[in-house]
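Thanks for coming. I have one structure to go through, so please look at the sequence and the model as I put them up.

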Amino acid sequence: MNKSPVFSTTLNFQDHYPCPICRIGTISTMPLMEAMSCDFCHEIFTINLESQEIKMPSRQPPLVWRWNGWKWNQAQLEGVELGWGYILAAIAFIIFPTSLIAIGAYYFPPRPDVPLSWIPYIWTILTFLLHLSIIIWIFIEVYQIPIQAYWRAIIQPRN
Ligand SMILES: [Zn+2]
């Protein structure tokens, strides 16, 4: 078992690997099973030695990582390509409504002496923040970032 970072290791049932989900724990083979689990977030992965991949089956579609000898490659949704189209759509989803409201507030400003004349500006900022948080929420959902696991680790000491 060569632990030196200079030499690459293949994915096998004997070694330990960094957890691709929480990036804190290590994953190792579970006794009598062709699966690995993380000692920190307790996520379970199935192993494909032939393609050097592990799969997280607890979600649909499963997330797949490939071991390149040193680290895990970026997670892929099995059968789904997250391309530039999705990124552009996400940016448009944030920018478009915000700029519509900002243009409205700019060209039709309320008279400064009326009460609540600040509402259009607050509304613009709220639109931006809300659309941004929707995108962040979708991203967390898609990639299953284990916020609950982090939280559990913070509030209870590791045994
Ligand atoms: Zn983990």
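I will start with two stretches of the chain. The end C-alpha atoms of residues 84-108 lie 35 Å apart, and that span is 96% helix and 0% strand. Helices here are DSSP runs of H or I with at least four residues, strands are runs of E with at least two, and both are numbered from the N terminus. For residues 120-140 the end C-alpha atoms are 30 Å apart, with 100% helix and 0% strand. Why pick these two? The UniProt annotation "transmembrane region", from an unreviewed entry, covers residues 84-108 and 120-140. UniProt positions are given in the numbering used here, feature names are shortened, and such annotations may be inferred rather than shown by experiment.

Two notes on the model itself. Residues are numbered from 1 along each chain as its sequence is written. This is a predicted model, in which local features need pLDDT of at least 70 and side-chain atom pairs count only at pLDDT 80 or more, while totals for chains, interfaces and linings use all residues.

Now the overall layout. The protein has 3 helices and 7 strands. Along the sequence the pattern reads β-β-β-β-β-β-β-α-α-α.

Take helix H1, residues 84-107. How far apart should its ends be? At 1.5 Å a residue, its 24 residues should span 34 Å, and the end C-alpha atoms are 33 Å apart, which agrees. The expected span is 1.5 Å times one less than the number of residues. H1 also has a kink of about 25°, centred on Ala92. The bend at a residue is the angle between axes fitted to the seven residues ending there and the seven starting there.

Is H1 buried or in the open? Of its 24 residues the number buried is 1, so H1 lies largely in the open. A residue counts as buried if 20 or more other C-beta atoms lie within 10 Å of its own, exposed if 12 or fewer, and partly exposed in between, with C-beta atoms placed from the backbone. Across the protein, buried residues make up 14% of the 159 residues.

Next, the sheet. The 7 strands form an open sheet in the order S1-S2-S3-S4-S5-S6-S7, with antiparallel pairing. Strand S1 (17-18) and strand S7 (76-77) stand at the edges, each with a single partner strand, so one side of each is left without a neighbour in the sheet. Two strands pair if DSSP finds at least two bridges between them.

Going across the sheet, S1 pairs with strand S2 (residues 26-29) over 2 bridges, and Pro18 stands opposite Thr26 in S2. S2 is joined to S3 by 3 bridges, with Thr29 opposite Met36 in S3. S2 and S3 form a hairpin with 5 residues between them. Leu32, in the loop between these strands, has a phi near 60°, a positive value in a residue other than glycine. Leu32 is exposed, with 6 other C-beta atoms within 10 Å.

Further along, 3 bridges join S4 to strand S5 (residues 53-56), and Ile47 stands opposite Ile54 in S5. Their hairpin has 4 residues between the strands, and Gln52 takes a positive phi near 55°. S5 and S6 pair over 4 bridges, with Lys55 opposite Val64 in S6, and a hairpin joins them through 6 residues. Last, 2 bridges join S6 to S7, where the partner of Leu63 is Leu77.

Ile27 is one to look up. Leaving aside its neighbours within four places in sequence, Ile27 is in contact with His16, Tyr17, Cys19, Met36, Ser37, Cys38 and Phe45. Contact means that the C-beta atoms of two residues, placed from the backbone, lie within 7 Å.

One more loop to finish. Leu116, between H1 and helix H2 (119-143), has a positive phi of about 60° although it is not a glycine. Leu116 is exposed, with 8 other C-beta atoms within 10 Å.
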